Every structure is written in structure tokens, then in C-alpha cells.
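Here's a quick tour of a protein model, helices and sheet included. Have the viewer open as you read.

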Amino acid sequence: MLALTELGQRLRQERESKGLSLEDLQKLTKIQKRYLLGIEEGNYEVMPGKFYVRAFIKQYCETIGLDTDAIFEEYKSDIPSTQTEDMPQQLSRVRSRKEIPQHTKGVSKAYDYLPTVLVVAGVVVVGIIIWVIAQNIVSDKNKEQANQEAPNSEVQQSNTQEETNETTAKNDNSKSEDEQNAADKKEKEKEKEKAAKEKAEKEKKDSGKQEYKEVQKTGRSATYALSGTDAFNLEVTSTQADTWLDVKNGKGNAFFSSILKKGETKEFDLTKETEARVNIGYSPGVELKVNGKAVDLPFDSSKQVRQVVTIQYQPAEAQ
């Protein structure tokens, strides 16, 4: 193993302090593990070229939360220089499936299943026709049998009248109990509907008062003010890939500082806080909700991968 450069030592220490392995970092940055190891060891010969060295270091720094410009200035002697200082944000990432046209695949698959669909539809139609014919035959037989048994049914009716009267009396008692139970059940359902309606109206009223507005924006950081509400609940969801998430209050106390898995949602009750700082390592596909209402990220995630959102909260009762 090669001796680590000063830059490599700094990056490795910062990565390990975040609890990230090289495999975790590979998932977040989409950079191959051998290139990440080459950066830490200062072994730039494994890279495709100098142009990629700077690009990969930049992506490494942004993902673990380091200031790229400061790192490049401090360790410029450890980093090879090129004529092109910057590169597109997406150059070091593997094309996601989302970039591949999906509609062409769907159309092709639909044509593959078309013969099967037609055969099944034909079988269903034939089955319906057979069923209709059979029903007509049965109906005709029943009518004929009813005409033959009509005289006998009148005699049987007189014999069973008393039994019917007794059964009716029993059914009346049972019916009254069932009706009462049904009425009670209906009343409970009305009460539940009324309570749900009142709750929805209250939430709608509170939501109408809530105000979430931008205070300032600079670099990759933005500050918002939350007012007009007595609650501060934050939801963070990652829909596309794993991402580093760090949530702290204004005093620097951490509520969460780890990997947020793809498809995972974290909820935070920050009602007692006056400020919250949300540091997102990989913003594409990350969704924020404040008190159940979706809010936009301050920057275009395709241009600014790492984003820091600060929310200043002032309860309605304090205004």
C-alpha cells in the first residue's frame, strides 16, 4: 500500500469521522472504489487522466461535506493541475436508469404480449356467449317446470302458512335487534366522519396561515423563515439513491447524522427549536416537507449536488 499524502490523510479522516466506508462513498459518488482509494493514497496513476483526478477529488469533498475551493487551495501541491479547472457536475457519475428512455421499452414489451392478450380476449368472449346460451336454456326449463307444479304449489302453500307465521314472528324480534345495532353503527360512523371533517378543517386552516419564505441564498446554502404555525415538523425522503444527511439545531446538537437510504423517510419534531440546519450530501431525488407540506430545495439538484438548508422558526403564538 502506498503512503498517504497529506490530502489523502485529510480526506480519509473526514470520511471515517462520518462513519462512511469506501463502499458507502462509492454508492454516493458513483465513483469506482479503486479511484477513491487512489485519491486517498495519492496514487493518481490509476485514474483515466489528470482531468478526472480533479473532478473525482471535487466530488469526494462535496459528498463528505468539505469546502472544495479551500481543499484545492490548501493542498494544491498534492493535486495535479490541468488547463481545465472545472468540469460538469455529472461527468463523474454513471448514467442513471432515469436518463435512459423508458417509453421505448414499454412499447416493445406491449407488442410482445399482444398475441397473448388477443387469445385471452377471444376465449373470454366465447365463454360469455356459452354462458348466455346456457342461462337461456335453464330459464326455459324453469318456466316449464313452474307451469307443471303450479296446482301443487297452491296445496303446499296452505299447509305451510302456519309455519310461515311462526317464523315471521321470530324474525320480527331478530329484525328489531338488527335494526337497533345498525342504527347504533350508523350513528358511530357519523360521529367519526364529523370528527375527521373537523380535524381536516383545522389542519387546512392552520396550513393556510403557515408561511415559508426565503431569507437569503448564497453558494450552496439558503435560509428560510417559517411562521404562522404552532408546529415545526420536518420530513426528509430520498427517492433516487442513498445520501448523507445531517440535521442539527441552532446550537449544533445533532438529531441525525448518517446515511439516508434510498426510499427511506426520516421525520423530526422541531417544534421546540428556533432553528434547524439540514445538510444534504446528494440532493437529486431528495424531498422536504414542512408540517406535511412539500417545499422545494433552494437549488437545482442537477447543478448543485450538495445543499444546506437553514430553517428559522417563529411560533404563531409568539408573533
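## The sheet

In what order do the six strands form the open sheet? Keep in mind that this is a predicted model. The order reads 1-2-10-7-4-5, and the pairing is mixed. At the edges sit strand 1 (211-218) and strand 5 (254-260), each of which pairs on one side only. Going from one strand to the next, the twist averages 15°.

Strand 5 is joined by six bridges to strand 4 (residues 243-249), and the two run antiparallel.

Now for the greasy parts. In soluble globular proteins, nonpolar side chains tend to be buried together. Here, the largest nonpolar core counts 25 residues, and those with the most contacts inside it are Leu7, Leu11, Leu20, Ile39, Ile57, Tyr60 and Ile64. Two or more residues each come from helix 1 (6-17), helix 2 (22-29), helix 3 (33-41), helix 4 and helix 5 (68-74). Helix 4 gives the largest share of this core, with six residues. There's also a second, separate core of 24 residues, including Ile280, Val290, Leu297 and Val309.

Setting aside its neighbours within four places in sequence, you'll find Ile57 in contact with Leu7, Ile39, Tyr44, Phe72 and Ile79.

## Helix 1 against helix 4

How do helix 1 and helix 4 cross, left-handed or right-handed? The crossing is left-handed. Their axes come within 10 Å and cross at roughly 30°. Angles under 35 degrees count as roughly parallel, so helix 1 is roughly parallel to helix 4.

On the helix 1 side, the contact is made by Leu7, Leu11, Arg12, Glu14 and Arg15, and helix 4 answers with Ile57, Tyr60, Cys61 and Ile64.

## Helix 2 against helix 3

Next pair. Helix 2 and helix 3 pack with their axes 9 Å apart, at an angle of about 115°. That makes helix 2 roughly perpendicular to helix 3. The crossing of these two is right-handed. Helix 2 brings Leu22, Glu23, Leu25, Gln26 and Thr29 to the contact, while helix 3 brings Lys33, Leu36, Leu37 and Glu40.

## Helix 3 and its cover

Which residues of helix 3 are buried? They are Tyr35, Leu36, Gly38, Ile39, Glu40 and Glu41. Note that two glutamates, Glu40 and Glu41, are in that buried set. The cover over these buried residues includes helix 1, helix 2 and helix 4. Just after helix 3 comes Gly42, which takes a positive phi of about 70°.

## A look at Tyr52

Last stop: Tyr52, which is found in helix 4 (residues 50-64). Is Tyr52 buried or partly exposed? With a relative accessible area of 30%, Tyr52 is partly exposed, because buried means under 20% and exposed over 50%. Tyr35 of helix 3, by contrast, is buried. Tyr52 and Tyr35 are 17 residues apart in sequence, and 9.7 Å separates them in space, C-alpha to C-alpha.

Terms used
Residues are numbered from 1 along each chain as its sequence is written. This is a predicted model: local features need pLDDT of at least 70, side-chain atom pairs count only at pLDDT 80 or more; totals for chains, interfaces and linings use all residues. Side-chain values use heavy atoms; hydrogens and water are left out. Helices (H or I, at least four residues) and strands (E, at least two) are DSSP runs, numbered from the N terminus. Buried means under 20% relative accessible area, exposed over 50%, partly exposed in between (1.4 Å probe, protein chains only). A nonpolar core is a set of buried Ala, Val, Leu, Ile, Met, Phe, Trp, Tyr and Cys residues joined through side-chain atoms within 4.5 Å. Contact means heavy atoms within 4.5 Å. Two strands pair if DSSP finds at least two bridges between them. Axes are lines fitted to C-alpha atoms, for helices over the stretch in contact, and angles run from 0 to 180 degrees between N-to-C directions. Angles under 35 degrees count as roughly parallel, over 145 as roughly antiparallel, 65 to 115 as roughly perpendicular and the rest as oblique. A crossing is left-handed if the near helix is turned anticlockwise from the far one by less than a right angle, and right-handed if clockwise.
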